[in-house]
Amino acid sequence: MIGIFITVAFTISGCLFFNRNKLINYTLLVLFIALLIVFSYVEYNHLNIRELGFFKPDALGVLLLIASCIVSIPVIIHGYRYIEKHNLDETPKSRGVFFGAMVLLISACSVVYLSGHIAVTWIFIEITTLSASTLIYHHRNLRALEGVWKYVFICAISITFVYIGILFLSLSLKDAGIDDMSFASLYANAGKLNPFWLKLAFLFIFTGFTAKLGLVPMYTAGIDAKDKAPAPAGALLASVLMNAGFVSIYRVYAVISRTPLEHWANTIMIIAALLSIFVATVYMTRIKNIKRMFAYSGIEHMGLVMLGLAAGGIGVYAAILHIILHTLIKPTLFLQFNQIYWVYQSKSIYDVGNYFKYNKVGAILLFLAFISATAMPPSGLFISEFLIFQSLFQAHYIIILLVVLILLTMIIWGFGLNIFKLLFTPHPTIDETRIPHISPWESFSQYLLLGLAVYLAYNPPVQFVTLLQAAVKLIK
Amino acid sequence: MTDILLIALAMSLLYISIANRLYTYLTILVFQGFILFGVTYLTLTKISTINLMLIMLETIVFKALAVPLFVNYVIKRNGITREAEPYLPNFVSLIIVTFITVSTIILSSSIKDVNLDKTFFVVALSTIFTGLYLIVTRKKIITHVIGYLIIENGVFVLSLAVGNEMPMLVNLGIMLDIFASVLILGVFFNRIGDLLKDPDIHHLSNLKD
């Protein structure tokens with residue numbers, strides 16, 4: 001099925017690039033959504049069966065695949081709304097390129113989730129860079145160019161780092177006497193790998209993938225990208241693409257967790273996570289650009305996920321739960337951003353206010369999304385964040401826990417300050433006659449996503465828990 | 001013979017650290033491409049002939065000819081001034097690059113692994129770090145690209161060190177070369193040139209918080 005998926009998805013993407021007919025364009029998109037749903041269903045029923053030699057749909061991969069499938073549907077619908085409504089200068093060509101790149105990005109990430117070989121992961125991560133940069137450059141102005149240049153350059157360096165890491169990994173294999181670099185073989189022979197080269201490999205691979213995951217040191221590219229990309233594309237970059245980075249790091253970490261180096265790797269991850277949360281705090285408390293604020297919130301959550309992973313125990317379960325709920329919640333913020341822009345024609349916090357008056361349904365949703373993203377109950381993230389704190393406590397990282405709690409409080413303060421200004425503070429200079437009426441249906445899919453996140457956290461279905469537990473078992 | 005070529009590669013790094021004109025950088029890129037061609041031929045003795053030809057073709061056509069010619073074309077077309085415009089004086093650059101090389105030698109001498117050819121390791125690491133250093137200390141966007149190409153050359157040397165056992169990895173490296181260079185150079189640099197007359201990183205500092 002993976003072979004069929006790659007062929008059909010890439011063909012659809014290619015057709016979208018070259019096709020200029022509107023009707024065919026949207027038919028192809030519907031076709032792609034159907035393909036994605038069928039693919040997720042089939043892979044769910046083919047857990048842990050190796051395909052084409054290089055792919056193995058393990059529990060984590062299937063979970064993220066289903067999550068990305070759920071998110072992709074509203075993102076594509078909102079992409080359609082964006083192209084139709086937002087820009088008068090959209091041409092058939094720009095529409096085709098936009099959707100073609102979007103389909104390519106979603107399918108490349110889906111393949112990364114199911115990859116069972118580090119080289120395959122690497123190749124498809126390269127393809128995500130290509131498609132993401134096309135999305136970021138959608139508006140073709142100087143600022144978009146700056147964003148895309150920085151993104152491409154940093155991603156090129158990070159992908160080189162990952163490649164160096166793979167080379168070091170191959171050196172560490174020499175001791176074990178194997179040359180198969182699939183994850184299954186690495187797991188089986190983890191004990192025999194040369195620890196020195198494995199350490200270097202982990203360092204380089206981890207650093208490289210942080211560009212996709214959004215952690216210190218390579219997080220900067222992602223922020224500019226999510227800021228400059230159209231909001232539906234930003235929603236993809238903040239969820240589906242970050243998950244691709246997570247799954248890659250998780251699998252390499254799963255190798256090192258089977259060796260005595262586990263503790264060392266945990267230290268590295270905790271340092272990166274703490275710095276990420278710190279950076280997010282610094283920017284969230286002083287930021288004035290709404291979209292960048294959402295992007296920094298993602299950095300904070302990825303830091304928390306890494307802390308859970310490093311703390312071990314229940315933390316691993318919580319980390320995976322956290323990243324799945326984050327996949328559902330973060331896109332709602334980005335998708336909602338379009339409506340804010342339609343009302344105010346600005347991203348700056350100085351130009352907005354009194355949103356409740358102009359768009360009630362959207363404002364309530366934004367408020368709920370704020371509660372969800374800051375992990376206040378009844379948000380789904382509250383459960384996972386609570387479990388992460390519990391795991392930190394159990395692992396005796398008390399000081400780290402305290403620091404994180406203080407930083408998170410500051411983030412809630414900064415985030416809340418901006419959101420409440422947007423929602424409630426009256427804005428004196430705005431011309432109310434120019435504000436368009438926004439249909440409540442524009443917010444419908446976002447409500448569904450938030451509701452799903454709450455449902456999955458408080459009343460998880462049995463199949464979901466089984467998959468989560470199987471995903472946790474990838475780490476010894 | 002391999003060692004001589006590799007040491008020549010390391011010496012070209014010292015030269016690039018004091019180079020002033022963009023054309024000197026390009027000449028060094030061409031020179032490094034030819035050295036890599038030789039090293040590939042001498043090192044990869046155990047892989048199939050077709051694969052070897054593919055790799056050598058990549059080094060000579062892509063690294064030594066196509067990319068430098070294209071960068072040259074971009075420089076001419078956009079009328080970029082010939083100075084490299086480093087932030088630091090050349091003498092300091094020379095000292096730092098020397099320091100990088102010496103510290104990689106010290107680092108590698110602390111590794112006790114019979115599987116590793118130390119010369120490859122030292123030259124590769126010092127090339128990678130010199131490339132990073134060039135990116136950090138030069139003002140023009142085009143010198144950033146050249147710095148990245150030098151990093152790629154270093155990575156290629158590293159991949160040759162394991163190339164006989166795992167030719168797949170060398171092929172992956174070639175993919176990286178072609179993919180990243182085409183993406184960086186082909187698609188975007190053209191457009192940066194169209195929008196900005198004298199591409200300098202100061203023009204690209206609007207996105208910030």
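The peptide bond that joins Pro377(A) and Pro378(A) is cis, with omega about 10 degrees. A cis peptide bond also runs from Val216(A) to Pro217(A), with omega near 10 degrees, and Pro217(A) lies in the loop between H8 and H9 of chain A. Residues are numbered from 1 along each chain as its sequence is written, and chains are lettered from A and ligands numbered from 1 in the order in which they are written. Because the model is predicted, local features need pLDDT of at least 70 and side-chain atom pairs count only at pLDDT 80 or more, whereas totals for chains, interfaces and linings use all residues.

Positive phi values occur in loops of chain A at two residues described here, Leu52(A) and His396(A). Leu52(A), which is not a glycine, has a phi of about 55 degrees and is placed in the loop between helix H2 (22-44) and H3 of chain A. With 13 other C-beta atoms within 10 Å, Leu52(A) is partly exposed; a residue is buried if 20 or more other C-beta atoms, placed from the backbone, lie within 10 Å of its own, exposed if 12 or fewer, and partly exposed in between. His396(A) has a phi near 65 degrees and is found in the loop between H16 and H17 of chain A. His396(A) is exposed, having 10 other C-beta atoms within 10 Å.

Chain A is divided into domain 1 (1-158 + 213-256) and domain 2 (261-476), with bounds that come from an automatic or database domain assignment. The C-alpha centres of domain 1 and domain 2 of chain A are 21 Å apart. The contact involves 35 residues of domain 1 of chain A and 39 residues of domain 2 of chain A, two residues being in contact if their C-beta atoms, placed from the backbone, lie within 7 Å. On the side of domain 1 of chain A that touches domain 2 of chain A, two or more residues are given by each of helix H3 (59-86), helix H9 (220-228) and helix H10 (231-256) of chain A. H3(A) gives the most to this side, with 13 residues. By class, the residues of this side of domain 1 of chain A comprise 24 nonpolar, eight polar and three charged; Ala, Val, Leu, Ile, Met, Phe, Trp, Tyr, Cys and Pro count as nonpolar, Asp, Glu, Lys and Arg as charged, and the others, Gly among them, as polar.

Beyond four places in sequence, Met306(A) touches Leu215(A), Met269(A), Ala272(A) and Ala273(A).

Helix H4 (residues 92-114) of chain A has 19 of its 23 residues buried and is therefore largely enclosed by the rest of the structure. Eight of the nine residues of H9(A) are buried, so H9(A) is likewise largely enclosed. The buried residues of H9(A) pack against helix H5 (118-136), H6, helix H8 (195-213), H10 and helix H12 (290-311) of chain A. In helix H17 (residues 398-424) of chain A, Leu407(A) counts as buried, with 21 C-beta neighbours inside 10 Å. Leaving aside neighbours within four places in sequence, Leu407(A) is in contact with Ile277(A), Phe278(A) and Thr281(A).

Between the chains, 30 residues of chain B are in contact with 31 residues of chain A. The largest share of the side of chain B that touches chain A, 13 residues, comes from H7(B). In chain B, confidence is lowest in H7(B), at a mean pLDDT of 74, pLDDT being the predictor's confidence in each residue, from 0 to 100. The mean pLDDT of chain B is 85, and the model scores ipTM 0.91 and pTM 0.93.

Definitions and conventions
Helices (H or I, at least four residues) and strands (E, at least two) are DSSP runs, numbered from the N terminus.
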